[in-house]
Amino acid sequence: MTFFLKTVSYTNKLWRSLPKVGGQRRFIASAANTQQLELGGIFPPIPTPFNDDESIAYDKLALNVAAYNKVPFRGLVIQGSNGEYVYLNSVERVELVKRVREFLPLDSKKLLLAGSGCE
């Protein structure tokens with residue numbers, strides 16, 4: 001119980017330390033101290049479609065990504081809670097991220113968050 005209370009206390013301190021943007025707290029990651037990356041917005045976890053032989057159905061993935069691109073999401077979560085991370089080997093995991101990036105138009109400016117399901 002003590003560990004839980006300390007964790008909650010630390011989390012609350014961390015949350016209160018985040019800067020407010022537009023009246024809301026925002027997590028802003030900084031890259032190489034020269035850029036700031038705004039992570040506010042909606043990032044839906046996208047499913048990984050499979051063929052009958054359990055290989056990744058990249059043709060269906062391309063259709064899904066095209067549909068997601070029409071919605072004003074800030075980005076997409078690949079291999080997250082719906083991404084079937086545990087069923088992919090390391091080569092498939094990397095290839096999946098590469099393909100999603102290829103399927104998104106360059107001008108979409110959507111961020112990709114990958115691998116959050118690897119816990």
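Trainee: The charged end of which residue sits over the ring of Tyr 58?

Mentor: A charge sits over a ring if NZ of Lys or CZ of Arg is within 6 Å of the ring centre and within 35 degrees of the ring normal. In this case the residue is Arg 99, 3.9 Å from the centre of the Tyr 58 ring. Arg 93 likewise lies over the face of Tyr 85. This is a predicted model, where local features need pLDDT of at least 70, side-chain atom pairs count only at pLDDT 80 or more, and totals for chains, interfaces and linings use all residues. Residues are numbered from 1 along each chain as its sequence is written, and side-chain values use heavy atoms, without hydrogens and water.

Trainee: At roughly what angle do the axes of helix α2 and helix α3 cross?

Mentor: Axes are lines fitted to C-alpha atoms, for helices over the stretch in contact, with angles from 0 to 180 degrees between N-to-C directions. Helices are DSSP runs (H or I, at least four residues), numbered from the N terminus. Here α2 (residues 58–69) and α3 (residues 90–103) come within 10 Å and cross at roughly 45°.

Trainee: Which residues make the contact?

Mentor: Contact means heavy atoms within 4.5 Å. Tyr 58, Leu 61, Ala 62 and Val 65 of α2 meet Glu 92, Glu 95, Leu 96, Arg 99, Val 100 and Phe 103 of α3.

Definitions and conventions. Helix = DSSP H or I, 4+ residues; strand = E, 2+ residues; numbered from the N terminus.
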